[in-house]
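Visitor: I have just opened this structure and would like to learn how to read it. Could you take me through it step by step?

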Amino acid sequence: MDVKITQPSLPFPGSIQDTPGGGIVLSKLDDVINWARSNSVWPLTFATSCCGIEMMSAASAKYDFSRFGFEVARATPRQADVIIIAGTIVNKMAPVLKRLYDQMPDPKYVIAMGACAISGGPFFYNTYSVVKGADHIIPVDVYIAGCPPRPEALLHALITLQEKIRSGLTRDQIRAQFSEDGK
Amino acid sequence: MIRFLKNYFTEVFQAVKSLFLGMKLTGYYFTHPKEIITQEYPENRLTLNLSERFRGEVVMTHDEQNEHACTGCSACELACPNGTIKIINKFEINAEGKKKKAIDAFVYHLELCTMCNLCIQACPTDAIKMAQTFEHSVFNRNMLTKQLNLAGSKLREGVE
Amino acid sequence: MIEEITTAKEGEMVINIGPQHPSTHGVLHLLITLDGETIKKLEPNLGYIHRSIEKMCESLSYRQFIYSTSRMDYLSAHINNHACAMAVEKAMEIEVPERAEYIRVILDELTRIASHQLWWGAMAMDLGALSPFFYAFREREVITDIMEETCGARLTMNYMVPGGVMTDIHPNFVKHVKDFIVQFKSKIDEYDTLVTDNIIFQNRMKNVGLLSAEDAISYGTSGPTARGSGVSCDIRKTHPYSLYSKLQFEEVIETGCDSFSRYLVRVKEMKQSVKIIEQLIDNIPEGDFVAKTKAVIKLPKGEFYSRAETARGELGVYIVSEGGTTPYRIKFRSPGFSNLSALNHMVKGYKIGDLVAIMGTLDLVIPDIDR
Amino acid sequence: MLSFENISHGLHNWLSAIMSETPVVLIELTLVALAAITLFAALGLILVYMERKVAAVIQIRKGPNRVGPMGIFQTAADTLKLVMKENFMPDSVDKFLYKLAPFVVMITAMLILAPMPFAQGFQIWNINIGVFYVTAISSISVIGVLMAGWASNNKYSLLGAMRSGAQIVSYELSAGFAILSIVALTGSLNLNDIILSQQDGWWIFKGHIPVWIAFVIFMIAVTAETNRAPFDMAEAESELTGGFHTEYGGMRFALFFLAEYINIFIVCGIGATLFFGGWMPFHIGHWEGFNHVMDYIPSSIWFFGKTFFLIFVIMWFRWTFPRLRIDQLLNLEWKYLLPISLFNLLLITVIAIKGWHF
Amino acid sequence: MGNDELLEKLKELFPDASIEQGNDWPELLFEHAQVADGKFLEVVQTLKSTNEFLFNYLFCETCVDWKTHFNMVYHLESTQYRHSMVLKVKLNHEQPSIDSLSFVYRTAEMHEREIFDLFGIVFTGHPNLKRIILTEDWVGHPLRKDYDDPINMIKL
């Protein structure tokens, strides 16, 4: 029996946008700045639970997110660009997360990694202390589903985030654009 | 005194030796780039072979007539520990004029799913299975809520 | 909100370590009172990852609650699942097929190796050496690949079900495990060269974080933390479960009571785990991988306790059943919680740098502590 | 043959020919300043890139390879991003010191560049007390670190700064004694004279075992002085999150970051000058033919080659060893390195007086 | 010591408590009135220091809410003899309180803070009895059966 998968897999983010001028030589200053920002995304070492281990795996030699320049994990939010919410956020942690986010200088990005950070995931029902999605606390740019997502999935999310930074669009704009495309 | 000096120098020598051995090991890796084990995602996307058991997301299998095997028994919904699956049923009137239960929408919340495989185990008709996809990154959380049965799909004949 | 505690005496300084701090391996919050760099007092503040698993499990069926325990101590997910499955099996008096037991024990020990490897890398990273982390993950990735091939997930497998395991092992399982053992044995010496024998490392670890045997028992520590203090507490030896009574292996006990002996216990345990796997891998018997169970599991009325030795210590699963399909009350006695309680005792009088080393040797997993 | 010496002399002659002396000096000063800043930026980028690549290969991974060929623009992107980051200041900091600290650190790093002989006859300022100048100026950078730690109003920063203060002040002693041993051998404080004294062989080969000991002590001390692992007490990421620069972000953090690498370059440059003859090619005694062949390699390549080799060794340390504890660190200095270097200096003085070196 | 022998010995020692063989270990159940006024500490001290028992390892301490009463459950083990027992104390539901064991078993300090936090049981004599897991301003004790939080808890 021939079977096909119902959901067409998402188009790969890196392949959507052709950079004019073949890569590095860009015309506008904005583009140069966005290029720099997108290629230098320093994460905050912030992990609450299981997804943090997959984040460590993504840093490890086999997956090595340093290829994209992400390996400069900063322990202090003052120097970080992206906060990867790797794990569940509970009510007690929520103010701390908000504070960490506020301490980061602009421009800053947020990746919600895994089911817990997106929506509370396994702890959505019948729990009294779990925040049902980190985007109730801070705005999230990219969501990765999975529990926990593979290291490759994290890399995919980072590439997706790079695409967002390069496009120079705000969160709402890029959401609107992608909803129109029907993805 | 001599023994003390001897011990002292042995200790210093051992210490320096241990440091040197450590540097030798890292030096070995520095001079042997073949030890590098990095797999370059996304360049290796096409050759990336995930195990067939890898649980990436739940999908419903459809054949070429756009038919699936889900009877809407909601065994998966019951088996799911955290309400990832919602089955909305409708009643269809078939050729013989009988009312028959069928799924209207098989709603799957990928943002909640923990890939625990309990729904697949529970399914009596093997209508759903785990796919090996993992590139689920989206800008909008709503896009993770999916309807697994394709538009206009029907229950395959003979599946009860 | 983190509040400044202003009860410090003259000349003392109160520092918040965490909830976001690289060496707490998660979101642990420690309030430490310092005199210069010397720690006078330490008070842990938990709950930054308290996900109310115990409350949640009260509304999950006995098949479902196992998956949530993978998220407790995610580095010993298999062993957690094993303990839960054992508790249900004990209550239901299910006979687990021999093949399932073999698979379970092999996977448990692989999990233990993977957990200790991650600990080894993270511990070295805490002490400032960054390369060991990458070498440790090289071997760990091999294990996660084996897990993924057979169980379908890399970290939170949910592979053990009441009565056995979820699916049969992958056809390549045996071969890949053997390959791993060969690779592991050739690389384990590097661990010693790079870290164990290093003079800086030894100076950082020896005579630091002393925990006497009496204190270790009184503080309820278990696992390598207690065994580093000379307490025999390996559940696999003292209360053998599954196949462990038939296996030849040694309980690693070091009597140094300091950070270095806790370190040695873990490194040696990896070798013991390999020994266990070697005994089993060639003899996996044919047969069912899961016992026949009813679709809906109802536990008889009563209280059931099962103990298992995770990579961090003794995990207890205490189920109170009222005879229904869901537990009335479930309690996970997590090893990290008790081990953490000894931290205040261990760090008094040491420096901040030592605190990091001592916490490293306790191998804390915060979701395991908070549950 | 095109060399830095010819270029600088040519430029000077050309400028002198077309205008009077004062504008020439002004123009030359501007040019030197521009050149120094450019060199700084370039060195910072190259060293950070080198560090990341060395780390990657030691850690069996690939390292940055996306941004530009082999990832060579990675650090450029990082710098640009840091420059474009929000220029924020936490509320409760001491505003003046907070702003000043990164510049103090950066400017001291720049100042030490002055007497550095990059190539034959190519030096910003041929000062006759060069060695003294370098040791004096390099100790100012600790003030910048202390300022940063104090002004940040953060306990981690304060601890980091205090550690750094204790560490740099103590390790400066043995670094100083190691430098002095070469001064004792050459009898000059002028860096150029020191290089010229190595015409028939570098001190590391001429000076017997005591110079080796001095060199090892020098390497340990400068690793500590530049706050590099295994002596990165001041930052100690796993203990103090970021140490003295915990509260810094954006451009100000970039200045600290760059200054760290510039400092490494400078101390390695000094080390290369003192022990490996700076720009002096590899000469063996009076083997005229061999020496002549070696002279064909430009002097700037000799200097940078040696310096980068020493930088690599320091990076190698970093990616191999765990960090020391603060009290062990001070013990190492006061109980081992300082007595040894004092004794060693005595030995070298005897060698110098008796003329026992080659 | 085997479970049967242990059971006998315990019966001898505590004739007024109800003792039965549980699924794994002997279970010793006290009513709260039997161990009030510091008697509980005596009982535990006896169990810990009697040469035949030496229950020096408290490996699990928890509480069960039975709606009408609470049951404190202590799992004790002897690291020397490797025998274990379960000690239970019935507490009333209105004002549950019991002596703290934190000076007998150091590990009890953290466990009791957790139980205080999640069940609201007051441990008299505890050195530092305050919430450890939830925030200080949390209302209620979530592991009690009557706990309800319509805002945070979404029922499935």
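Visitor: Which chains share the most contacts?

Guide: Two residues are in contact if their C-beta atoms, placed from the backbone, lie within 7 Å. Here 9 pairs of chains are in contact, and chains A and B share the most contacts. This is a predicted model, in which local features need pLDDT of at least 70, side-chain atom pairs count only at pLDDT 80 or more, and totals for chains, interfaces and linings use all residues. Residues are numbered from 1 along each chain as its sequence is written, while chains are lettered from A and ligands numbered from 1 in the order in which they are written.

Visitor: How many residues of chain B are in contact with chain A, and of which classes are they?

Guide: From chain B, 36 residues are in contact with 46 residues of chain A. Strand S1 (residues 57-62) of chain B gives the most to that side of chain B, with 4 residues. Helices (H or I, at least four residues) and strands (E, at least two) are DSSP runs, numbered from the N terminus. For classes, Ala, Val, Leu, Ile, Met, Phe, Trp, Tyr, Cys and Pro count as nonpolar, Asp, Glu, Lys and Arg as charged, and the others, Gly among them, as polar. The side of chain B that touches chain A has 18 nonpolar, 11 polar and 7 charged residues.

Visitor: What about chain E?

Guide: Chain E places 9 residues in contact with 7 residues of chain A. That side of chain E holds 5 nonpolar, 2 polar and 2 charged residues. No contact joins chain E and chain D; their closest C-alpha atoms lie 24 Å apart.

Visitor: What are the elements of chain A?

Guide: Chain A has 6 helices and 4 strands, which run β-α-α-β-α-β-α-β-α-α from the N terminus on. A residue is buried if 20 or more other C-beta atoms lie within 10 Å of its own, exposed if 12 or fewer, and partly exposed in between, with C-beta atoms placed from the backbone. Of the 183 residues in chain A, 62% are buried.

Visitor: Which residues touch the most other members of the largest nonpolar core?

Guide: A nonpolar core is a set of buried Ala, Val, Leu, Ile, Met, Phe, Trp, Tyr and Cys residues joined through C-beta atoms within 7 Å. The largest has 354 residues, and Ile85(A) and Ile111(A) touch the most other members. Helix H12 (residues 250-276) of chain D gives the most to this core, with 19 residues. Leaving out residues up to four places away in sequence, Ile111(A) touches several residues, including Val82(A), Ile85(A), Asp141(A) and Leu161(A).

Visitor: Where are the edges of the sheet in chain C?

Guide: Two strands pair if DSSP finds at least two bridges between them. Chain C has an open sheet of 3 strands in the order S1-S2-S3, with antiparallel pairing. Strand S1 (13-17) and strand S3 (38-45) stand at the edges with a single partner strand each, so one side of each is left without a neighbour in the sheet. Between S1(C) and strand S2 (residues 29-35) of chain C there are 5 bridges, and Ile15(C) stands opposite Ile32(C) in S2(C).

Visitor: Which domains does chain C have?

Guide: An automatic or database domain assignment supplies the bounds: domain 1 (1-48) and domain 2 (49-369). Taken over C-alpha atoms, 29 Å separate the centres of these domains of chain C. In chain C, 15 residues of domain 1 are in contact with 21 residues of domain 2.
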